[in-house]
Amino acid sequence: MFAVPAAVAVGFLAVPLLGLLGRTPWGTLGAELATPRVLEALRLSLVCSLGAVAVSAVLGVPLAFLLARVEFPGRNLVRALTTLPMVLPPVVGGVALLLAFGRRGVAGQWLERAFGVTLPFTTTGAILAEAFVAMPFLVITTEAGLRAMDRRFEDAAATLGAGRWATLRRVTLPLIAPSLGAGIALCWARALGEFGATITFAGNLPGVTQTMPLAVYLALETDLEAAIALSLVLLAVSLAVLIALRDRWFPTA
Amino acid sequence: MSLVAELELTLGRLELEVELAVETGELVVLLGPNGAGKTTLLRALAGLVVLDHGRVVLDGDVLDDTGSGTHVVTERRPIGFVFQDYLLFPHLSALENVAFGLRARGLARAEARRRAAVWLERVGLAEQAGSRPRELSGGQAQRVALARAMVSDPRLLLLDEPLAALDAASRTEVRRDLRRHLASFDGTRLLVTHDPLEAIALADRLVVLEGGRVTQTGTPDQVSARPRSRYVAELVGVNLYRGRATGAVVEVDGGGTLVAAGDHHGEVFAAIHPHAVALHRRAPEGTPRNVWAGTADTLDIVGDRVRIRVTGPVPIVAEVTPAAASELRLADGGPVWASVKATEVTVYPA
């Protein structure tokens, strides 16, 4: 009874991927990946996604601790806010960022006046756009790890003379390392694949903000082989993350 | 060197109000039923729980004083804590677990590991130094937890049900080892348990904690000889009554009278050991001053004796031989007469 619709579902998901693999110019793939345009996009993607992970970690881990450990009025609101970028259409996120941090935006004006910093259409802007959509993954996963952890381990560390920092470094972080690692992996994959927020806030400037997904979009018009090559790289990264986190999502029961 | 503590705190439904003093050299065991507040008390002494009122002084140093607002944080207290389920850090080896406290207090890595190795040797686990906690047996984990707590030479050692997580087979042997290690410790020791056997085996002095309050304290012998609460009476297996005495007669709370030997006045406890109770199917004549009619209720086999609960004006548990129980057909229940000699009724002030 389930077999037929399920088969259709599998087909629906598999056919596009098979189509991509089928149309890949395997022979010239290496050459495609070596063209300056593609290499530029690869480099930029790496820089921006890693930058986004760094921003997400620095801001997101403390937030995860706050949500997991501290009861404060409005906690649910904060948690909803943290989850919002996961559900919000990325292009809307981009527009919002533009309105806030754009040259005429509330924060953007202040940044330009105080520090001479402009964010839209810059690499930094791309990093922020990616961080905006990817940080929630880090926060949610890390918060779950913190909640699952037995806090009495921290009591034990205290009875052994460890102060708060020592306990954090030598007990808490190692104990949540699997969750933190998974959060970072998901955050990175999401940042790498971001399109809507990046193109809206940071634009599609080659060498500055043209990350891989943006390059794919552009290349579809003019250079299909390049588009396919880049798509393949992104697909490979996605698969790699899935495989790395398989024990989390597909535990062998 | 010693510990003096007066604590008052409320945690959820538990209201803890305790005065406690432990001399060095005496191993005090805190005994009580589950929910009595034993773990909470230990955590309060460790500084993990904040007091509402009170003072904790260790070897003359004030660790807690609500009056002056002093509260020494846990990590600065010279204590060692063995938790009920050990809480060995799963991501560290046995050696690293034991060395943790030394490194946290500033000792260099190599020296910390060296001292930790010495302690592991002392508890007989030199070969398990590199093992992760999940690879250790219950008894081994307990010994690592003990070594970890003791390696920094704490002045107060707190043990929360150290044998509870072990199966019955390992418990006796580990208890023997524990006794030996505790004996060689020269600071103040406080151990918590709900197991009376463990308490009696280890304690120099017992403190009985029930519902957040100390109901009794003394050596195991003193506590067994003169129970002051239902809990202890049941542990020891003695019939306990509360009442008012005038001379030799005790008016029992809840009805009934007991006649004891001797002269007592005021609020008292009266204790009767089950083996001092004789049961008859017909009203007995004779010297026992305490004779009453009741009904044989439930029957329990305890070792090579039979215990019968008798309901009546003075509810009592009697202990007889299986032969006697069978001869009187006590298993069938029905009316019985109980008799207890006045000399078998122990009366002491409440």
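A residue is taken as buried if 20 or more other C-beta atoms lie within 10 Å of its own, with C-beta atoms placed from the backbone. In this predicted model, 38% of the 253 residues of chain A count as buried by that criterion.

The secondary structure of chain A consists of 13 helices and zero strands, so that, by the DSSP runs used to assign elements, the order from the N terminus on reads α-α-α-α-α-α-α-α-α-α-α-α-α. Among contacts in chain A between residues at least 6 apart in sequence, 74% join residues at least 24 apart. Taken along the principal axes, the box filled by the C-alpha atoms of chain A is roughly 65 × 60 × 35 Å.

In chain B, helix α4 and helix α5 pack with their axes 10 Å apart and at an angle of about 15 degrees. Because angles under 35 degrees count as roughly parallel, α4(B) is described as roughly parallel to α5(B), and the crossing of the two helices is right-handed. The residues that make the contact are set out by helix in the table.

| Helix of chain B | Range | Residues in the contact |
|---|---|---|
| α4(B) | residues 138–150 | G138(B), G139(B), Q142(B) and L146(B) |
| α5(B) | residues 168–183 | S170(B), V174(B) and H181(B) |

Sorted by class, the contact of α4(B) with α5(B) has two nonpolar and five polar residues, whereas no charged residues take part.

How values were computed:
Residues are numbered from 1 along each chain as its sequence is written. Chains are lettered from A and ligands numbered from 1 in the order in which they are written. This is a predicted model: local features need pLDDT of at least 70, side-chain atom pairs count only at pLDDT 80 or more; totals for chains, interfaces and linings use all residues. Axes are lines fitted to C-alpha atoms, for helices over the stretch in contact, and angles run from 0 to 180 degrees between N-to-C directions. Helices (H or I, at least four residues) and strands (E, at least two) are DSSP runs, numbered from the N terminus. Angles under 35 degrees count as roughly parallel, over 145 as roughly antiparallel, 65 to 115 as roughly perpendicular and the rest as oblique. A crossing is left-handed if the near helix is turned anticlockwise from the far one by less than a right angle, and right-handed if clockwise. Two residues are in contact if their C-beta atoms, placed from the backbone, lie within 7 Å. Ala, Val, Leu, Ile, Met, Phe, Trp, Tyr, Cys and Pro count as nonpolar, Asp, Glu, Lys and Arg as charged, and the others, Gly among them, as polar. A residue is buried if 20 or more other C-beta atoms lie within 10 Å of its own, exposed if 12 or fewer, and partly exposed in between; C-beta atoms are placed from the backbone.
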